[in-house]
Amino acid sequence: MQISKAFLGLLESGPSHGYDLKRAYDERFGQDRPLAYGQVYATLQRLLKHGLVELDGIEPGGGPERKRYAITDAGVADVDLWLAQPERPEQYLQTTLYGKVVLALLTGRPAADILDTQRAAHLDAMRELTRRKRDGDLADQLVCDHALFHLEADLRWLELTAARLDGLRAQVTS
Amino acid sequence: MSRAGAWARELLLGARLAVSGGRASWSRTAMTAVGVGLGVALLLLAAATPTALDARDARTAARDDFQLSDAPTARGPRTLLVADVAVRFRDENVRGRLVQPEGRQAPFPPGLARLPGAGEVVVSPRLRRLLAGSDGPLLRPRVPGRIVGTIADAGLSGPGELAFWAGRDDLRVGPDGVRRIDRFGDTGQSEGQSPILALLVVVALVVLLVPVAVFVGAAVRFGGEERDRRLAALSLVGADRRMVRRIAGGEALLGALLGLVAGAGFFLGARQLASGARVGDLSVFPGDLRPATGLAVLIAVAVPAVSVGVTQLALGRLAIDPLGVVRRGGARPRRLAWRLALPVLGLLLLVPLLRTDVAAGERLDPWLAAAGIACVLVGITAVLPWLVERVVRGLRPGPVPWTLAVRRLQADGGAAARVVSGIAVAVAGAIALQTLFAAAEDASTVQTGADVARYDAQVLTTTGPGRPSAEQLRAALRRAGAEAALVREKTLIERRDGTTSVVTVASCRVLRRLAVLRSCADGDAFLARGGPGVVVPAPGSAWRDGRARWRVPTEARRVASRPSVIDGGPTEGVLLTPAAADRRALPGLSAAAAVRLDGRRDALEHLRNEAARLGPLTVVSELTATRADGEFLVVRRGIVAGAIAVLVLIGASMLVSALQQLHERRRLLAALVAFGTPPRTIRRSVLLETAVPVALGLAVAVLAGTALGIVLLRLVGEPVRIDVGATLLVVGVGAAVVPLVTVLTGPALGRILRPEGLRTE
Amino acid sequence: MTGPAARPLLVGTDLHKAFGATTALEGATFAVDPGEVVAIMGPSGSGKSTLLHCLAGIVRPDRGTVRFDGRDLATLTDAERGALRRSAFGFVFQFGQLVPELSCAENVALPLRLDGVPRREADARAIAWLERLEVADVARQTPGRVSGGQGQRVAVARALVTTPRVVFADEPTGALDSLNGERVMDLLAGAARESGAAVVLVTHEARVAGWSDREVVVRDGRTRTTELLA
C-alpha cells in the first residue's frame, strides 16, 4: 500500500494536518504498524514537489504539525489513475487491494469497479496459465496449478469483499 | 428404561414424525388416513349389509299377507280381505293393497295404528312426497281414496319404498286376487335364494372387497419415498435397524388409526345419506346399517395390523443406511413358485365344491367358496409383479416415448405392478361375476314372445258383477289416447276332469287377429286349434265357468290359430262373436286389451290412470320382449353400484401414486424439456408407463377371471359359456382408468413440463 | 476464434425477469460470438442461471430480447424453441440431467433420436462421442452406476452429439473434484472449440472460468462487462 496514494485519498475529503493524516492512516490502513512521523513528512514533501498537494495554510505557533495540506486537481487525477489500474496479479497483494477499496469507499468512488477490474486482470492471468498448462508437460502443469490456486484464492477474496462492500462502506464512512 | 418402554417410545416417535414433519408429512398422513378411511367405510358398509338385509327381511316377513294353507280360511270376526294393486309408476313398483275387514277383530299390518276405513288410504312417506310433488297428479288417480295417514317405518321394507293400504267395502273373494286372511306375518317357509343367487352374492362381496383390501394396502404406502428418506435421517442420528422398523411401524399405525376414525366418520356420513339413496326398489334405513359386531371388531384389528405388516414387508426390501436408501428389489429376481401358491390353493379349495349337487338342492358352503375365490383373486396381486417384470425385461426399445417408458418399467416394474394389481383384481372378479351372472340371467330371463312391434301394453280388467264392459274399456282406452287396441273378453272354463280352456268373445275384426278365419259373421263360433298338447274343446261339450254351466256351440268350426300378441303362443280355446256368447252362462268374462300407445310423454302413465278409473284392481302391464327375475335385477344393480365405488377407489389410488411419481421426477422431466424434448414425447412416455402394466394386468385379469368364471359355472351346474361382449366391456372399464389418470395428472404434468420447472432445483 | 467481423451468434439485450416478488434479472446484456467461450460469473443468487435460461430460450424474459443467429426467440412458438434447443443448443448441468433408467449410450443418443435419427445411427454416433470423452467403457451402464466424473462426461457427450452451435453449461464441474472438473472442462472446451460451437459457461469458480475467452459478471441481476485498460 502506497502511503502517498492513501494521503491523497484522505485529503480528497478535505484539507488536513500532517498529524491528522497520520492518525487517519493508522486507523484505516496501518493495521498494527503505525507510521513514523518521518515517513509522514517525507511523503508530504514528495507530494508537494510533484504538485499533487498544496499548502492550505499555516496556523500560528510554528512547527511542522501546524501546516495544513489540500489536494490539487493533479492529485485527484493521480488517485483516479491509480484506482483504475489493476494490480499485476501476483501473490500477497491483498493489502494493496484492500487499500484501494477503502480509499474508493472513502472518496465515494465505485469500489465494485475496482474489484471487477482486478478480477478481469486475474482471470486473464489464469487463462494464460490454463493455456500453458494445457500445452505444457507435467512440470509446467504443477507450476501453473500452484499459481492458479493462489490467483483463485485472491479472486475468492475479491468476491467475498465485493459481497461485503456494503458493510465495509458503512464502517469506513462512519 | 424397560424394553416395553423403549418400544412404546419408538412407536410414539414414529407417530409424532408422521404429523410433525411439516406440510409434506402431514399431507402424507392425511392422504393415508383418507385412503384407509374410504376402504374402512366400504368394509363397514359390507359388514353392515347382512344386518340391513336381515332387518329388511324381518319387516317384510312381518307384513306378509299370503297364507298358504290347504283349506281356505273361513269368514269370521278376525278375517280380512286383501287384494294386491299392482301399481307401477315410471320404472318403480308401488306396493298397493286393498283391505276390507270382515269383523271387528280383523288384524292390521305392522306400521299402521288401525285399518283404513272404506275410501281411506294410508301411504308410505315417500309416496306421500311423490304425490305432493310435480308428478303427483300423474299418480294420484291410482291411489284409491282419501289419504288419512302415513305408514310407520316398521311397515316398510325401506325408507324409499312406495306403498299404500287402501280401505274398501266392495271386495269379494274371487279370481281377481282377493283373498281372506286372519293374520299378517310370514307363515314359515320362505322360498330362499336360489343357489346361483347365493353364490353370486358371495362372489360379489369377495370381488368387491378384495380390491378394497388391495387399496388399503396401497394407501398405507402413500408417500413411502419420503418416509424412507426420513428413516435414513433417523438412522444417521443413531437409530438401529429394529428401532427404525418400530418407528416406521408407529407411523403406519397412526395412519391406520386415523384411517379407522375417518372410516367410521365416512361410514356414519354414508349411513345418513343411505336414507336418500335407492338401488332399484331397494332402500335402507340408516338404523338398519349396523356392522355386525364381530366383523366390526375384525376390521378394527385387521386394518392396523395389515398396515403395519405392509410397512414391515416394504422395509424388508429396503436397506436403510445413514447415507440414504437403497432399494434391493432389483438385486433379487422375483420367484414364481410361491407366487403361484395362492391361486393354486384357491382353485384347490373350489374343486371339492364341484361335487356339491346343486341341482339336487344341496347348498354350497359359502365360506369355502369365498375363501377359494379370495385366494385366486389375491393370488393375482402376487403373480402380477413377477409377470410384469418378466414381460418388461423382454421388451425392446423403439420410438423415444416407448424407450423411455420401457426402460423405466425395466428399472422398477414391481412398483408399477403393485399399482395396477387393484385394477387387475377388480376386473378379474368382475369377469368371473359377469360370467356367472350371464348364466344366472339366462336362467332367470324369459322371452315373453309379446308382439312389442304392434302393442305397448296389456290391460286386464276385473271380473264379476259390476265389471267394466268391453265398451267401457274401449272408452277408457280412447280417453287415454291409445292409437290402436285389440279388445276382447275372456274367461277360463273347466271340464269335469279338470281340463281347462279359454273362451274369448270379440268382434270378427278382432277374432281375425287371433285365428285364420275364412268367413266371419256375428253369431259365428270357432275352435282355435292351439298348439301341440292343447285340448281343443269339442263342439257341444259341457264346461263350467265358475258355478255356471256352458256348452260349446255345436256349429263351432275348427280354425288355425295365430300367435298371441301377448305371449307369442298359439291362440287356444273357443272364439265367439258377441251374438254367439251366452253371457249369463259365462259370468267370469272380463274385458282385456292389447294397446298401442301414441308416442306422447307419459302415455303409459295416462293409460294406467284411465285403467285405474275402471277399478283399482285393473292391471296394466307394459309389454316387453324379455322379462327378468326382479331379485336378479336388484342384485345386479347392487353389484354395479359396488363396482363403481371400487373402481373410483382404485382410480384414486392410481392417481395419488402417479402424482407422487411425477413429483419425484419433476427435476429430470424439466431438464428433459429444457434440452428440447417435446412435452408431447414425455406425455406419451408417461402414458405408456401406465398403459403397459395396466394392459398386462388386464390380460392376467381376463385369464384368471375367465378361469374363475368357468369354475363357478361348473359349481352351479350351468353350461360353460363365455360372454365375450361382457368381458370386453369389463376390460374396457378397467382400461378406462388409464386415460382417466392421464387426464387428471395432466395439469400437474403440464406445470412440471414448462421449462421454467428447472428453477425448482 | 472467429474474426471480429462476425456478427454475434447469440445476443441478449436488456433482459428483465422476476419470479413473483423476486427479481432475478434487471437489465442484463450478453453476447457471444461463434466459437467463443464466455464465462458468466457472479455470487449465488445474482441471476447467473436465470440469464442462461433466458439465453437458451428455456425461460421467457419479462422484458428485453434474445436473438439467436438474428432471430428473436420471442417470436418462436414453444415447440419451435424446443426444436431449437434440441438441434442448435447443447446443455450440461450440474446434475439431474441423465435419465436414470436409460444406459449412458442411450442418454447420449436421446437428442438424436428426438430429432428422428434412426436408432442404429444414433447409437453409433453416441458411442463415438463417448469414446472421444474417454468413457466408452460405461456405454451400457446406467448413470446410477458410474462415477460423477464419468457421468458428467456422458452429459458433455450428450450436449455435443448434435453438433450444437451453442453449448450452455451451468456449473458443469460443480459436483466434481479438481482433477475431474479439469478433465471435463478440457474436453468440453476443447470439443466445442474444435466444432466451432460457442460455449456459455455459468460458474462461480475462477479456475473453471480459466477455460473461457472472456467473462461476464452478473451482480444483482445486472451484467458488468469489464473492458481492460490497456
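In which strand of chain C is C:Asp14 found? In this predicted model, C:Asp14 belongs to strand 1 of chain C, which covers residues 10–19. The residue is not a glycine, yet its phi is positive, at about 50 degrees. Most residues other than glycine have a negative phi. C:Asp14 counts as partly exposed because 14 C-beta neighbours lie inside 10 Å, a number between the limits of 12 or fewer for exposed and 20 or more for buried.

A positive phi is also found at C:Asp69, where the value is about 55 degrees although this residue is not a glycine. C:Asp69 is placed in the loop of chain C that runs between strand 4 (63–68) and strand 5 (71–72). With 14 C-beta neighbours inside 10 Å, C:Asp69 is therefore classed as partly exposed.

Chain C as a whole has 230 residues, of which 53% count as buried. Its secondary structure consists of 7 helices and 10 strands. Among the contacts in chain C that join residues at least 6 apart in sequence, 72% are between residues at least 24 apart.

Chain C also touches chain B, and the contact takes 20 residues from chain B and 20 residues from chain C. On the chain B side, the elements that give two or more residues are helix 11 (400–411) and helix 17 (666–674). Helix 11 of chain B provides the largest share of this side, with 7 residues. By class, the side of chain B that touches chain C is made up of 10 nonpolar, 5 polar and 5 charged residues.

Notes
Residues are numbered from 1 along each chain as its sequence is written. Chains are lettered from A and ligands numbered from 1 in the order in which they are written. This is a predicted model: local features need pLDDT of at least 70, side-chain atom pairs count only at pLDDT 80 or more; totals for chains, interfaces and linings use all residues. Helices (H or I, at least four residues) and strands (E, at least two) are DSSP runs, numbered from the N terminus. Two residues are in contact if their C-beta atoms, placed from the backbone, lie within 7 Å. Ala, Val, Leu, Ile, Met, Phe, Trp, Tyr, Cys and Pro count as nonpolar, Asp, Glu, Lys and Arg as charged, and the others, Gly among them, as polar.
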